[in-house]
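Morning, everyone. I have one model to walk through. Please look at the sequence and structure first.

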Amino acid sequence: QPLDAIFEGDINTALGNANMLLDYTIPYGNNAIALKGNVKTSNIELGKITANNKLGSVAGEVAFDVNINKNNYNGYVDGNINHFDFNNYRYNNITAKVNVDNNFIEGIANIDDPNINISIEGEANLDKNNPYINAHALANTINFNNINLTNKYHHLSAEIEADLKGLDIDNATGHINVNNLRYSNNPAKELFIDHIAINAHNEGVDKQSLSISSNFLNASINGSYSYKSLVPAVKDILSHSFPVFFGKNAHQSAATLTANNKNKFTFDISLEKDENVFNFFNINTDLFVPITFTGEVNHPEHKLSMVGNIPYLVAGNKLIEKTYIEVDVDQSIDRCFMKLFTEFPFKNDNVPVEILCDGSNNQLDAHLSWVLNRKTAFRGDISLSTLFSKDDNGKLVTDLNINPSNLVFNDSVWTI
């Protein structure tokens, strides 16, 4: 016979009062229970009951109907919270309803408070064979300092929509859109981003892609990648030339994280000027054309490359032209190379400046050269070699050698 128990009544204590209606049923033996009811309280001192000084009192009403057995669970929880105290702030007007059917969850929640106004709705399937989440959130206002989450001024509002399939970030497919993002850490200054769109596709090994688009940043990666092992993979590639920084066993730890030839991809990044973004972050530069970076990470072959182009950049009142950055790491030929070229303004001329770096066996060789095309000579060639090591206590030791170099000023030649 099923066991059925019903409780209806009031509980009155020094820590608060509650009105309850509970129906507890065990219909199929000890492996299953059914619980439904309603709890209403005007003021429960939750902080004192739990001995948590961040909590205060709570008042509201919760209705529920839940069925649980060994392999299945379903039901709903419907809450209407008049107030909830947390961290010395009283949150008002909280409503939420959640439906659960085994691995499927759907719900809606709202907070209608003067300092935090948020609505969230969505659904998720946690079944490992077909996991997905579809959600929409609208934050009309969040005043972090007023709700005592920080002692400094922070204000945020945004609309977020997500539709993703997959168990984690490495195999996710879908999109996340953020619209009308407004953030301020100063009442007189606001960051506004019209849109940020993130799209991910995962069709198996070597068929992954991720793109980010916004009004100031656009980026994409294509190939095969694993966010969990990306940093160890880069350390592994660089550890062959500079083991003193990354450890002799960097390649061993990375190998355990890069099954199926993960982290073999190309990337493309473009940065454009957005007045609001630059002003908010106090970036005192101007861009006439976008800054671009393209490159490749190939962990299985221990290669890494990148090319950056900054055609025109205004810093203060100076126009810096033709900036070019190249990085090429290929451990099959023990090569770790970097090149930087730019034309830096000097009086009424541009001075071409070039830096070349080669690294291997914990040694970095650098060559700096410049030349000013005038009637009188003004040029320089400086060569440096730096050897990195560690002493018996594991502290970094740096030995710097200035190789034979020349500086020419008018008719004077200085040899270093």
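**Aromatic pairs, salt bridges and a few sites**

Searching the whole structure gives eleven aromatic pairs. One of them joins Phe280 and Phe281, edge-to-face, at 5.1 Å centre to centre and 85 degrees between the planes. The criterion: rings of Phe, Tyr and Trp (its six-membered ring) pair if their centres lie within 6.5 Å; planes under 30 degrees apart are stacked, over 60 edge-to-face, the rest tilted.

Before I go on, the ground rules. This is a predicted model, where local features need pLDDT of at least 70, side-chain atom pairs count only at pLDDT 80 or more, and totals for chains, interfaces and linings use all residues. Residues are numbered from 1 along each chain as its sequence is written, and side-chain values use heavy atoms, with hydrogens and water left out.

Is Phe280 buried or exposed? Phe280 is buried, because its relative accessible area is 8%. The classes are buried under 20% relative accessible area, exposed over 50%, and partly exposed in between (1.4 Å probe, protein chains only). There is also an aromatic cluster, made of Phe242, Phe245, Phe246 and Phe388.

Next, charges. Side chains of opposite charge can pair when their charged atoms come close. The whole structure holds seven salt bridges. The cut-off is a side-chain nitrogen of Lys or Arg within 4 Å of a carboxyl oxygen of Asp or Glu.

Three of these, quickly. Lys273 bridges to Glu275 at 3.3 Å, N to O. Lys273 is partly exposed at 25% relative accessibility, and Glu275 is partly exposed at 49%. Lys303 bridges to Glu301 at 3.4 Å, N to O. Lys303 is partly exposed at 32%; Glu301 is partly exposed at 40%.

Then Lys322 and Glu343, with an N to O distance of 3.7 Å. Lys322 sits in strand 19 (residues 318–330) and Glu343 in strand 20 (residues 335–346), so this pair ties together parts that are 21 residues apart in sequence. Strands here are DSSP runs of E, at least two residues, numbered from the N terminus. How accessible are the partners? Lys322 is partly exposed at 48%, whereas Glu343 counts as buried because its relative accessibility is 13%.

Now the surface. Phe288, Val289, Tyr312 and Leu319 make a nonpolar patch of about 340 Å². Patches take residues with over 30% relative accessible area and no salt bridge; like charges are joined within 9 Å, nonpolar side chains (Val, Leu, Ile, Met, Phe, Trp, Tyr) within 5 Å. Areas are Shrake-Rupley with a 1.4 Å probe; for residues, only the protein chains shown count as cover. Tyr312 belongs to strand 18 (residues 303–315). Tyr312 is partly exposed, at 35%.

Where is Asn102? In the loop between strand 6 (89–101) and strand 7 (104–113). Asn102 is partly exposed, at 24%. Asn71, Asn72 and Tyr73 touch Asn102, leaving out residues up to four places away in sequence. Contact means heavy atoms within 4.5 Å. Asn72 is 30 residues from Asn102 in sequence, yet their C-alpha atoms are 5.6 Å apart.

Last, Ala109, in strand 7. Ala109 is partly exposed at 31%. Beyond neighbours within four places in sequence, Ala109 contacts Thr95, Ala96, Ile118, Ser119 and Ile120. From Ala109 to Ala377, 268 residues along the chain, the C-alpha separation is 73 Å.

Key: Helix = DSSP H or I, 4+ residues; strand = E, 2+ residues; numbered from the N terminus.
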